Amino acid sequence: MATEKKVAFITGGNRGIGLETARQLGKQGVKVVIGSRDLEKGKAVADKLRAEGADVDVIRFDITKAADYLEAYNYFDKNFGRLDILINNAGVSKESFGAPNNASSVNSSVLRETFDTNFFGTIELTQKLLPLIKKAPEGRIVNLSSILGSLALHADPASPIYGFKALAYDASKSALNAFTVHLAAELKDTKIKVNSAHPGWVKTDMGTDAAPMEIPDGAKTSVQLALLPATGPTGGYFHMGEALPW
Ligand SMILES: NC(=O)c1ccc[n+]([C@@H]2O[C@H](COP(=O)([O-])OP(=O)(O)OC[C@H]3O[C@@H](n4cnc5c(N)ncnc54)[C@H](OP(=O)(O)O)[C@@H]3O)[C@@H](O)[C@H]2O)c1
């Protein structure tokens, strides 16, 4: 299965922004492997995208299962010997944004489950795959954060997100942003670029129908950061090419 194409791994690629990111990267000639907790759902998506002309495969992958990091490593090592693009897209939001989410009473299991997926699992997977990303000519790591991870905006009563507080989700994305900054600094003398993406408020299962942005637009920031040229930024936090305040 060795390929000259760039190889991308998208976690949570079976629906929402991850699926659309796979579609758009596939259209740009990237070999895409989607991770899907439910292999059958992932296979159906891969079949659909292949029918549209994209080069897509699927592996079963759960970001909360440590054994899956090694399985993913072995899959990319055996089939490609490298990984060009890692899109840490899988994420959960377990609080209701329609109800008050007081920091003083956030449920500790919600806090832990959110961090297991959005932060701990994402870091452990990245650590496991980093040796393969270092083997790519110009590795790219995209962490799907959110504008809700911005401490600067949450602290500003005049900001548009001031009233949208949900501590578990927001803090998990702030912590993920910290990972972006720290890993980018560690890798600053390599060709690898690490950035956080805010996709926009997007009409997915997570974003709900109330969101203003359609899914094709919601994938654009991930795609842009995945295909950054050598002159592009690293250690940044972006939405559609615009830098966000941390
Ligand atoms: N939609 C928005 O407005 C918005 C805004 C800002 C940031 N984001 C971020 O963008 C990313 C994608 O969001 P989305 O709107 O596309 O969400 P979504 O429609 O809810 O899809 C989430 C994806 O993550 C996967 N996932 C969840 N838990 C997982 C686990 N333990 N292991 C592996 N995969 C898992 C889901 O797989 P299953 O199908 O198996 O559940 C699904 O493929 C998330 O990180 C989210 O926080 C979204």
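Is Met240 buried, exposed or partly exposed, and what is its relative accessibility? Met240 counts as partly exposed, at 32% relative accessibility. The scale is simple: buried means under 20% relative accessible area, exposed means over 50%, and partly exposed lies in between, with a 1.4 Å probe and protein chains only.

This is a predicted model, where local features need pLDDT of at least 70, side-chain atom pairs count only at pLDDT 80 or more, and totals for chains, interfaces and linings use all residues. Residues are numbered from 1 along each chain as its sequence is written, and side-chain values use heavy atoms, with hydrogens and water left out.

Stay with Met240. It sits in the loop between strand E7 (237–239) and strand E8 (242–243). Helices (H or I, at least four residues) and strands (E, at least two) are DSSP runs, numbered from the N terminus. Met240 is not a glycine, yet its phi is positive, about 50 degrees. Most residues other than glycine have a negative phi.

Now turn to the loop between E6 and H7, which holds Thr208. Thr208 is not a glycine either, and its phi is positive, near 70 degrees. Its relative accessible area is 38%, so Thr208 is partly exposed.

Glu214 is found in the loop between strand E6 (193–197) and helix H7 (215–218). Glu214 counts as partly exposed because its relative accessibility is 44%. Which residues does Glu214 touch, not counting those up to four places away in sequence? They are Val202 and Lys203. Contact here means heavy atoms within 4.5 Å. Arg23 is 191 residues from Glu214 in sequence, and their C-alpha atoms are 14 Å apart in space.
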